[in-house]
Amino acid sequence: MTLIEVLIALSVIGIAFGALLMSQVANLRASAQSRYATDTKAAAVRVLEAKSGEVLWSEIASDPRYRDDPETGRSFHFVDYYYGCPEPVRPPPEIRSGSLANLRPVDCSGTEEEGSTSVEWRIAGEGGILGEGVVTIVVTATHDRGPRVTMGRRVTCYDVYPSPTQDKPAPCPPPGGGR
């Protein structure tokens with residue numbers, strides 16, 4: 001075998017290994033982007049679940065202004081978010097005596113950092129007949145490396161208090177009593 005044949009054989013082997021190396025680098029980049037997208041979605045889900053939990057929270061109210069169920073003394077934070085976000089509006093007289101002073105102050109938007117991901121969130125009570133008793137939570141997560149995920153959830157008053165009846169108060173607005 002001559003020197004030229006050896007050099008040609010080494011060139012062919014080098015080109016083959018170069019192509020294999022480039023393929024592996026591309027796969028590594030795709031895997032990294034996929035991981036960043038997964039991390040971004042996970043951060044968005046964590047914040048969405050946390051904010052949903054805050055909206056769905058109920059407790060025994062020590063302050064009578066916040067009692068939504070006089071029989072049990074329960075207070076539903078849903079009422080505060082529904083009438084307080086994005087801008088406070090006066091609830092109907094049947095709910096918290098129709099007073100803005102009887103609504104707890106709540107945060108309607110914000111930003112949280114989850115590792116390399118920034119998550120912006122906002123909460124808003126929906127208006128109109130179709131929006132009666134509906135709170136929308138939207139989160140947008142953005143990873144430092146580029147992936148961006150937006151997701152939302154609609155929480156209804158029936159999620160908080162599943163079976164309202166005429167003899168049991170509920171956090172749902174009366175018909176025509178939406179925002």
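Visitor: Before we start, what do buried, exposed and partly exposed mean here?

Guide: Buried means under 20% relative accessible area, exposed means over 50%, and partly exposed is in between. The model is a predicted one.

Visitor: Which residue does D63 form a salt bridge with?

Guide: The partner is R65, and the two side chains meet at 3.1 Å, N to O. R65 is also in the partly exposed class, because its relative accessibility is 37%.

Visitor: How many salt bridges are there?

Guide: The count comes to 10 salt bridges. One of them pairs R153 with E49, where the closest N and O atoms are 2.8 Å apart.

Visitor: Where do R153 and E49 lie?

Guide: R153 is in strand β6, residues 148-156, while E49 is in helix α1, so the bridge ties together parts that are 104 residues apart in sequence.

Visitor: And how exposed are those two?

Guide: R153 is partly exposed because its relative accessibility is 30%. E49 falls in the partly exposed class as well, with a relative accessible area of 42%.

Visitor: What does R154 form a salt bridge with?

Guide: R154 bridges to E126, and their closest N and O atoms are 2.5 Å apart. This pair also links distant parts of the chain: R154 is in strand β6, and E126 is in the loop between β4 (117-125) and β5 (134-143), 28 residues apart.

Visitor: Which residues do salt bridges that share partners join into one network?

Guide: The network is made up of E59, D68, D80, R96 and R104. R104 turns up in another contact too: it lies over the face of Y66, at 4.6 Å from the ring centre.

Visitor: Which ring does the charged end of K51 sit over?

Guide: That is the ring of W121, with the charged end of K51 at 4.0 Å from the ring's centre.

Visitor: Moving on to rings next to rings. How many aromatic pairs are found?

Guide: The search of the whole structure finds two. F78 and Y82 make a stacked pair, 5.9 Å centre to centre with 10° between the planes.

Visitor: Why does 10° count as stacked?

Guide: Planes under 30 degrees apart count as stacked, and the planes of F78 and Y82 are 10° apart.

Visitor: How far apart are F78 and Y82 along helix α2?

Guide: They are four residues apart in helix α2 (residues 77-84), which means about one helical turn separates them.

Visitor: What about the rings of Y82 and Y83?

Guide: Those ring centres are 4.8 Å apart and the planes are at 85°, so that pair is edge-to-face.

Visitor: New topic. How many disulfides are there?

Guide: The count comes to one disulfide. C85 and C108 are joined, with 2.1 Å from S to S. The link has -85° about the S-S bond and is left-handed.

Visitor: Where do C85 and C108 lie?

Guide: Each is in the loop between α2 and β3 (109-114), and the pair ties together parts that are 23 residues apart in sequence.

Visitor: Buried or exposed?

Guide: C85 is buried, at a relative accessible area of 0%. C108 has 15% relative accessibility, so it counts as buried too.

Visitor: Where is R90, and is R90 buried or exposed?

Guide: R90 is found in the loop between α2 and β3. R90 is exposed, with a relative accessible area of 57%. Its C-alpha atom is separated by 9.0 Å from that of L103, which is 13 residues apart from R90 along the chain.

Visitor: Last one. Which residues form a nonpolar patch on the surface?

Guide: The patch is formed by M1, L3, V6, L7 and L10, which together have about 560 Å² of accessible area. M1 lies in the segment before α1 (3-56). With 82% relative accessibility, M1 counts as exposed.

Definitions and conventions
Residues numbered from 1 in each chain as written. Predicted model: local features only at pLDDT ≥ 70, side-chain atom pairs only at ≥ 80, totals over all residues. Heavy atoms only, no water. Phe/Tyr/Trp six-rings, centres within 6.5 Å; stacked < 30°, edge-to-face > 60°. Helix = DSSP H or I, 4+ residues; strand = E, 2+ residues; numbered from the N terminus. Lys NZ or Arg CZ within 6 Å of the ring centre and 35° of its normal. Disulfide = S-S within 2.5 Å. Buried < 20%, exposed > 50% of the residue type's maximum accessible area, 1.4 Å probe, protein only. Patch = residues over 30% accessible without salt bridge, like charges linked within 9 Å, V, L, I, M, F, W, Y side chains within 5 Å. Areas by Shrake-Rupley, 256 points an atom, 1.4 Å probe, with all protein chains shown as cover. Salt bridge = Lys/Arg side-chain N within 4 Å of Asp/Glu carboxyl O.
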